[in-house]
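This report describes helix packing, nonpolar cores and selected residues of one protein model. Please consult the sequence and the structure shown below while reading.

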Amino acid sequence: MSYSDFKLEEIKRIFNIKLVEQSGLIESEPMSPSNWLKETLRRNLPLAGAINTEKARSEFLIAPILGELKEINPNISLFSGTEFNVDIEKGLNGICDFLISKSREQLSIEAPVIMIVEAKKENLNAATPQCIAEMLAAQTFNQNQGNVITSIYGVVTTGSIWRFLKLENQVVNIDLNEIYLNPVDNLLGILTTLIK
């Protein structure tokens, strides 16, 4: 079993997780993007939509936004397509689409805080169990490393639509408000708030 194999009911049962659905999980102020990101998204959005594959959305939409986040916040590290095996017996293993760490260390994962999962077939709900499993792995990793990080955030995204989750102890809060790529100011504001 790996992150992508989990179903929602399995996660709740195996890890004794409680889900709380709500609106407005994260309060933030919009953050203006750089001219580079504005121009990149202007060019890439139609292309990603036309190609309409998970890989295209990842490369043309998600990666530039996360690159901008790293530029704004140089004290974080960003990982893409990285193996993150924390507890194989519990199924907390596999490849993470994107992972953001609260450490400048770029050669190895030190303090994961945000797990980002690309929604398969543009289905946010179907990708949510994988995201929660990755969040649980990050929580376990931090506990094992002695990292004092009380909240782990998760994001499920199509590139154009973003849904945010928060894990504290055994409770996963799922924001039912979907954040759209345009205007990107709102999305950048939320992502920056999560890493502070």
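Which side chains does a polar contact of 3.1 Å join? The two partners are Asn52 and Arg57; a polar contact is a pair of N or O atoms within 3.5 Å, where, within protein, one must be able to donate a hydrogen and the other to accept it, and residues adjacent in sequence count only if both atoms are side-chain atoms.

The model is predicted, so that local features need pLDDT of at least 70 and side-chain atom pairs count only at pLDDT 80 or more, while totals for chains, interfaces and linings use all residues. Residues are numbered from 1 along each chain as its sequence is written, and side-chain values use heavy atoms, with hydrogens and water left out.

**Asn52 and the helix 2 / helix 3 pair**

Asn52 belongs to the loop between helix 2 (35-51) and helix 3 (54-72); helices (H or I, at least four residues) and strands (E, at least two) are DSSP runs, numbered from the N terminus. Asn52 counts as partly exposed because its relative accessibility is 40%; buried means under 20% relative accessible area, exposed over 50%, and partly exposed in between (1.4 Å probe, protein chains only). Not counting residues up to four places away in sequence, Asn52 touches Arg57 and Glu122, where contact means heavy atoms within 4.5 Å. Asn52 and Glu122 are separated by 70 residues in sequence, yet their C-alpha atoms are 9.5 Å apart in space.

Two packed helices are described by the angle between their axes and the distance between the axes. Axes are lines fitted to C-alpha atoms, for helices over the stretch in contact, and angles run from 0 to 180 degrees between N-to-C directions.

| Helix pair | Axis distance | Angle |
|---|---|---|
| Helix 2 and helix 3 | within 8 Å | roughly 160° |
| Helix 1 and helix 4 | 9 Å | about 25° |
| Helix 3 and helix 5 | within 11 Å | roughly 55° |

Helix 2 and helix 3 are therefore roughly antiparallel. Angles under 35 degrees count as roughly parallel, over 145 as roughly antiparallel, 65 to 115 as roughly perpendicular and the rest as oblique. Their crossing is left-handed; this term applies if the near helix is turned anticlockwise from the far one by less than a right angle, and right-handed applies if clockwise.

For helix 3 and helix 5 (residues 184-195), the axes cross at roughly 55°, so helix 3 is oblique to helix 5. Helix 3 passes helix 5 in a right-handed crossing. Among the residues that meet there are Ile65, Leu66 and Leu69 in helix 3, and Leu187, Leu191 and Ile195 in helix 5.

**Nonpolar cores**

A nonpolar core is a set of buried Ala, Val, Leu, Ile, Met, Phe, Trp, Tyr and Cys residues joined through side-chain atoms within 4.5 Å. The largest such core has 30 residues, of which Ile11, Phe84, Leu136 and Leu165 touch the most other members. Elements that each supply at least two residues of this core include helix 1 (8-15), helix 4 (124-145) and strand 6 (161-168). Helix 4 provides the largest share, ten residues. A second, separate core of 29 residues includes Leu66, Leu69, Val113 and Ile179.

**Buried serines**

Ser58, located in helix 3, counts as buried because its relative accessibility is 10%. Its side chain is joined to that of Glu118 by a polar contact of 3.0 Å. Ser2 lies in the segment before helix 1 and is buried as well, with a relative accessible area of 17%. Beyond four places in sequence, Ser2 touches Gly91, Asn93 and Gly94.

**Backbone features**

Most residues other than glycine have a negative phi, and most peptide bonds are trans. Lys121, in the loop between strand 4 and helix 4, has a positive phi near 50° and is exposed at 82% relative accessible area. Asn169, in the loop between strand 6 and strand 7, has a positive phi near 55° and is exposed at 61%. A cis peptide bond, with omega about 0°, joins Asn182 and Pro183; Pro183 is in the loop between strand 8 (179-180) and helix 5.
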